[in-house]
Every structure is written in structure tokens, then in C-alpha cells.
There are 2 protein chains.
Amino acid sequence: MHMGVLGTGTVGSAIATRLIALGHDVMMGSRTAGNPKAAAWVAGTGGRGHAGTFAETAAFAAVVFNCTRGVSSLDALGAAGEKNLEGKIVVDVANVLPPSDRGGESLGEQIQKAFPLAKVVKTLNTVNCEVMTHPARLPAPHTVFLSGNDDGAKSTVRGLLESFGWTDVLDLGDISTARAAEGYMPLWLAAWKALGTLSFNIKVVR
Amino acid sequence: MHMGVLGTGTVGSAIATRLIALGHDVMMGSRTAGNPKAAAWVAGTGGRGHAGTFAETAAFAAVVFNCTRGVSSLDALGAAGEKNLEGKIVVDVANVLPPSDRGGESLGEQIQKAFPLAKVVKTLNTVNCEVMTHPARLPAPHTVFLSGNDDGAKSTVRGLLESFGWTDVLDLGDISTARAAEGYMPLWLAAWKALGTLSFNIKVVR
């Protein structure tokens, strides 16, 4: 599948690399053409990956992963272009850090509102990027959440997550439930500090 | 041990009954003497439990469980009396529902600040009262969190939790981490809605 990954940081790189390994055709997008991190990532794939601007990446992809920092995600998606995101699945894995005490809408909801013709699915924001892409590295099964308004888009994303190795994907409901998944961030930060490792996640035991 | 339970609702009743079953000497506290729910609870214990005002309960107990509604907890503890809470362990299991979007301090922090000579331990607020008191009812181990400034108090509370059946007690740190445990509430509410049961909890897999 044609996959776009917006963001050249550790999260974008981890997801783009995992998608390449799973046989997808992947473009990594950045604000400007010729981004050195994106070029290094393309080189690391032996030329199987591509690089482009945010707009080129969104135009190329059927599924667009938002791996930009939460505070600049709306700007990045704006640069990607509303027209290029029309009908596309936007997988939003970002968090606003530090978690905002102002409350109100989640980033996932804000993205859906700003790009009403995109199909936004919030997921994977509750774990570190290595757990995101290789969930089997933890010693027991654990849970990832889905939030989004479009059932077909959630079904596609669920399939992608399962291809990453996820075995427990819990659909929380429409995009308003992204507030729940993003609101978990303070507990994730506290658990990271208490455990001294990023290699953890929660399992919903029921 | 002399145990005080502030609150006559389902949470207070569940915890008080569990403490009786474990052999503790338990007083259930309410705002006014002669509370009919407290009287019914005492009758249900075959007279082994006691009932009193918030102040009588705090004076009686070595460990005081705050099982009042989060929105009225500071009032209830005020009625219990600062003097009666001096040096006591206050186990705060309450949540402010619906979760406040105003952010800021957690209830646990607010209680510690209002009663600086009490030893506040935030715990158990992340699960339904039946899971609180009988964690073994879930099909696999799962996690409960501790937040508090006093290590001795946390050690006592950990022992109590283990006597309830808890096997994974994760100390998040000082009382400021109550913000993390309370901030989990929106995810708990969304998971409840998605699962259609209150009989669940999260396990921190690491």
C-alpha cells in the first residue's frame, strides 16, 4: 500500500522503517524538500523508501501517518494540504507534550475538525515508538486503542496494527475518545519515571 | 487495625465490608450521626462494624479511607477535623467525576495540602469498587498505583492492598503523581463504555 509518514524524528523513522519491512511503498515527508534526516532514512532503506515534502507525501499516500510533534501537527497537516488529505486515512500517533492542563479538545479531534474530509484514526500514541512498531518485544500481550469516526478506516488501521504484531486492539469509539487516549499521557509519563524504562505498555485485563 | 471509612456509598460500603472480612475493627463515617445507610451496613456486619460521624471515625481510626465523592471530599475531611487526621494515613480512593477539564492539581494533592500533617496515599481510584476489594475476580493479574509523600504510609497501604489480593502495586512516587492516576479517568470511562463492563483494569506489562 502507498504509505506516507509525516515527520522525520524517531517516531516517523520507526514507523516508516517498519512499513518498508512489511513490503509497503513508503514516502517520508518533511516541511522542505531535501531534509537530511529523510535523505538518511531513504539511504538506510537501500533506496526502497522515498522522501518528499509534506504535500508530496500526502498526495502519494493512501494512508498518512502523522508522526510530527503534537504542538506542530496542525501546521504540518496544513502544509500537506487539505486537498491532498481528502478521503485519506490519517493515522494520528502524536501527543502534545507536556500534556496540556488546559483541557478541551484532543489533537485527534482538532485534526478531524480541521480536515473534515480526511478519515482520522487516533492510535499508537500511548506507547513508545519501539513498542508501537514491535509490540512483541514486551513479555506478555498488551493493548492499543483506536478512536475514529470511520469504521472502514479503523478496520484498515486495525489490519496494519495486526501486521505490526498487535494482538489486542480496543476500539474506544468515535474520534471524541481520542481525548481518553491522549489523557493517558500523564500516567504514561509517571509510569516511565517509576519503571525507568520506555519498554512497557498497559493491557486491559477483562 | 482501627480503620475508618468516610462515605456510605457503594465504594465505602465495599471497602468497609472487605476490611471487616479481613478482621479489622471498622467504623463507617457519615456527615451526621444516625445515617441510615451506615446503620444498615452495621446491621449487615452482625454488629461487628461501627458507625459514627466523620469526626468520630477519623478520631477512631489509624487509617482513614476517603470514599466520599471527589467533589465533596475536601468538605468531608474538613468535617472529620484536621486534629483527628494528624499523623493518620488517609487513603484517598476518590475521583472528581466528570473529570475536570480545568486541569491543575489532583484531588490527592489538594487533600495533602489542606491536611499537611496527614499522610495521604492515593490509590485504588483507577478501578471499580468490586475490583478494588476483590482484584482476583479478573482473569489475569493487573496493576494498582500508589502515590504519596510518606514511604511508611505507602508501605502500610501496600500491605493492605496485598491483603485485598493485589499482586502488582506500582509506586508512582510522591503525591504529585496522583495527577497521573486521576488523569487516567477519561480512559477508564471510555474503556468501560467500549467493553460494556466495569469488571476490568489495566496491567502494566514490562
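This is a predicted model: local features need pLDDT of at least 70, side-chain atom pairs count only at pLDDT 80 or more; totals for chains, interfaces and linings use all residues.
A residue counts as buried when 20 or more other C-beta atoms lie within 10 Å of its own, as exposed at 12 or fewer, and as partly exposed in between, with C-beta atoms placed from the backbone.

Residues are numbered from 1 along each chain as its sequence is written, while chains are lettered from A and ligands numbered from 1 in the order in which they are written.

**Chain A as a whole**

Chain A has 10 helices and 9 strands. Helices (H or I, at least four residues) and strands (E, at least two) are DSSP runs, numbered from the N terminus. The C-alpha atoms of chain A fill a box of roughly 45 × 35 × 30 Å along the principal axes. Of its 206 residues, 51% are buried. Two residues are in contact if their C-beta atoms, placed from the backbone, lie within 7 Å. Among contacts in chain A between residues at least 6 apart in sequence, 73% join residues at least 24 apart.

**Strand pairing**

Two strands pair if DSSP finds at least two bridges between them.

| Strands | Sense | Bridges |
|---|---|---|
| Strand 1 and strand 2 of chain A | parallel | 5 bridges |
| Strand 1 and strand 4 of chain B | parallel | 4 bridges |
| Strand 4 and strand 5 of chain B | parallel | 4 bridges |
| Strand 9 of chain A and strand 9 of chain B | antiparallel | 5 bridges |

Some partners can be named. His2(A) has Asp25(A) as its bridge partner in strand 2 of chain A. Met3(B) stands opposite Val63(B) in strand 4 of chain B. Val64(B) is bridged to Val90(B) in strand 5 of chain B. Strand 1 (residues 2-6) of chain A is mostly covered, with 4 of its 5 residues buried.

**The core**

A nonpolar core is a set of buried Ala, Val, Leu, Ile, Met, Phe, Trp, Tyr and Cys residues joined through C-beta atoms within 7 Å. The largest one has 124 residues, and Val64(A) and Val64(B) touch the most other members. Beyond four places in sequence, the contacts of Val64(A) include Gly4(A), Leu6(A), Leu85(A) and Val90(A).

Leu146(A) lies in strand 7 (residues 143-148) of chain A. It is buried, with 24 other C-beta atoms within 10 Å. Not counting residues up to four places away, Leu146(A) touches Val121(A), Thr123(A) and Val169(A), among others. The C-alpha atoms of Leu146(A) and Gly49(A) are separated by 27 Å.

**Where the chains meet**

A rotation of 180° with 0.0 Å of shift along its axis superposes chain B on chain A, with RMSD 0.0 Å. The two copies are thus related as by a two-fold rotation axis. Superposition is by least squares on the C-alpha atoms of residues with pLDDT of at least 70 in both copies.

The contact takes 35 residues from chain B and 35 residues from chain A. Helix 10 of chain B gives the most to the side of chain B that touches chain A, with 8 residues. In strand 9 of chain B, Asn201(B) is the bridge partner of Val205(A).
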